[in-house]
Amino acid sequence: MATTSQAVERASVARPSTATTEPAVRMDAPTRREFMYYIWGASIALLLGQATAGLIWFVFPRFREGEFGGIFPFDPADLPPVNAAPDWVAGGRFHVSNTDDGLLALYGVCTHLGCLPKWVASNVRFECPCHGSKFTRNGTYIEGPAPRGLDRFRTTIVFTDGTSAETDETGGPIPIPDGKTIAEIRVNTGSKILGPGH
Ligand code: FES
């Protein structure tokens, strides 16, 4: 049997001491070095986030179809006959010109100072109203202060037999082979080829 002094001793061991209580979790303030690490890490994360967002914005198309800067479907039924007046597409700012050598989409902005050359049927050429530069039906420079011919947009033609043709690196007309029927014309106003120099 336990003595009275032993019972008192056990009770004093089991009872938590109230004189030396400490908080369950200690929160030490970060040191100056740790604080600088946090700032540095946050800056790197922000920089990487911005770079990733920029990459995504660059890689994915920024323009919808039919919006200047994007792809413009051009109805083959609207294609002018060979050597007829080019067709002006205001939304895409280009002329579709059908020449002896094929089809091309000419950017409608003068390569001099950015006015809009008009097709002048009586002279069979484009003429710029600002300083008089002139261009042939396929955008070749004729005369005036323009430094080169009219720029052109990359174009893809799909034929009814499933074959296709597109603008080459020179930006010249796309030939339409005899016997082929055009099913689809797509003009990429986001991809411009500079007109030929002189
Ligand atoms: S802007 Fe066309 S000739 Fe000057």
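Two residues are taken to be in contact if their C-beta atoms, placed from the backbone, lie within 7 Å. By this criterion, and with neighbours within four places in sequence left aside, Leu106 of the predicted model is in contact with Phe94, His95, Ser97, Gly139, Leu150 and Arg152. Across the chain, 47% of the contacts with a separation of 6 or more are accounted for by residues 24 or more positions apart.

The secondary structure comprises two helices and 11 strands. Read from the N terminus, the elements follow the order α-α-β-β-β-β-β-β-β-β-β-β-β. Of the 198 residues in the chain, 21% count as buried.

Leu106 also belongs to the largest nonpolar core, which has 17 residues. Together with Phe94, Ala105 and Val187, Leu106 is one of the residues that touch the most other members of this core. Two or more residues are given to the core by each of β1, β3 (94-99), β4 (102-107), β9 (152-159) and β11 (182-193). Among these elements, β4 gives the most, with five residues.

A further feature of the model is an open sheet of four strands, arranged in the order β5-β6-β7-β8 with antiparallel pairing. At one end of the order, β8 is joined by two bridges to β7 (residues 134-135), and the two strands run antiparallel. Within this part of the sheet, Phe135 stands opposite Tyr141 of β8.

Backbone geometry sets two residues apart for comment. Most residues other than glycine have a negative phi. Asn83, although not a glycine, has a positive phi of about 65°. Asn83 is located in the loop between β1 (71-74) and β2 (87-89). A residue with 12 or fewer other C-beta atoms within 10 Å of its own is classed as exposed; Asn83 counts as exposed because it has 11 such neighbours inside 10 Å.

Val124 likewise is not a glycine and has a positive phi, in this case of about 50°. The position of Val124 is in the loop between β5 and β6 (125-127), two strands of the open sheet described above. Since Val124 has 11 C-beta neighbours inside 10 Å, this residue also counts as exposed.

Technical notes. Residues numbered from 1 in each chain as written. Predicted model: local features only at pLDDT ≥ 70, side-chain atom pairs only at ≥ 80, totals over all residues. Pairing = 2+ DSSP bridges. Buried ≥ 20, exposed ≤ 12 C-beta atoms within 10 Å, placed from the backbone. Core = buried A, V, L, I, M, F, W, Y, C linked by C-beta atoms within 7 Å.
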